[in-house]
Amino acid sequence: QFLLKKAAIVGHAFDSLHLPLTLTGGFIDELSIHLYLDVFNPGGNVSLQILIKNVCLVFGAHTTDWSYSHVKQCKSKLVDLVMKVLELKPQKKNKAAEDGSATGWLSHVQTRLKQDLMKKVAEMIE
């Protein structure tokens, strides 16, 4: 379950991305995502419920002077954002795991959470 309440969207995070429209700000009153997995039944049902209440997004036009340096800077920022999103996605596997270990997106997220937790514990110990 994921729950987000009373969140403000900061516009400068999306500024200068070299897109026709720029997200300049907004707010989300409530956003909840429920993922139901039937883990005890192989081939069981998976359902996703998304609830959105009172969302306001403010868009504006992207302004540029079309100089080489400004366009390069904006495109570089867009490429950096895309690369960060790609880092969050799990790598595709050609073969299923032969040792019977779990595979897929959920397994990848669990592995990353465990690694992050181990790093934080190690930092606390030091």
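Strand E3 gives the nonpolar patch its largest share, seven residues. Keep in mind that this is a predicted model, where local features need pLDDT of at least 70, side-chain atom pairs count only at pLDDT 80 or more, and totals for chains, interfaces and linings use all residues. Residues are numbered from 1 along each chain as its sequence is written, and side-chain values use heavy atoms, with hydrogens and water left out.

**Overall layout**

- The protein has two helices and three strands, where helices (H or I, at least four residues) and strands (E, at least two) are DSSP runs numbered from the N terminus.
- Going along the sequence, you read β-β-β-α-α.
- Of the 126 residues, 15% count as buried; buried is under 20% relative accessible area, exposed is over 50%, and partly exposed lies in between (1.4 Å probe, protein chains only).
- Take the contacts between residues at least 6 apart in sequence: 54% of them join residues at least 24 apart, with contact meaning heavy atoms within 4.5 Å.

**The sheet**

- The three strands form an open sheet in the order E1-E2-E3, with antiparallel pairing; two strands pair if DSSP finds at least two bridges between them.
- Strand E1 (2-10) and E3 sit at the edges, each pairing on one side only.
- E1 and E2 run antiparallel and are joined by eight bridges.
- Ala-8 has Phe-27 in E2 as its bridge partner.

**The nonpolar patch**

- The patch covers about 1,200 Å² of surface, and its residues include Leu-21, Val-46, Phe-59 and Trp-105.
- Patch residues have over 30% relative accessible area and no salt bridge; like charges are joined within 9 Å, nonpolar side chains (Val, Leu, Ile, Met, Phe, Trp, Tyr) within 5 Å.
- A salt bridge here is a side-chain nitrogen of Lys or Arg within 4 Å of a carboxyl oxygen of Asp or Glu.
- Phe-59 belongs to strand E3.

**A look at Leu-4**

- Leu-4 is in strand E1 and is partly exposed, at 27% relative accessible area.
- Setting aside neighbours within four places in sequence, Leu-4 is in contact with Ile-28, Asp-29, Glu-30 and Leu-31.
- Leu-4 and Asp-29 are 25 residues apart along the chain, yet their C-alpha atoms are separated by 7.9 Å.

Definitions and conventions:
Areas by Shrake-Rupley, 256 points an atom, 1.4 Å probe, with all protein chains shown as cover.
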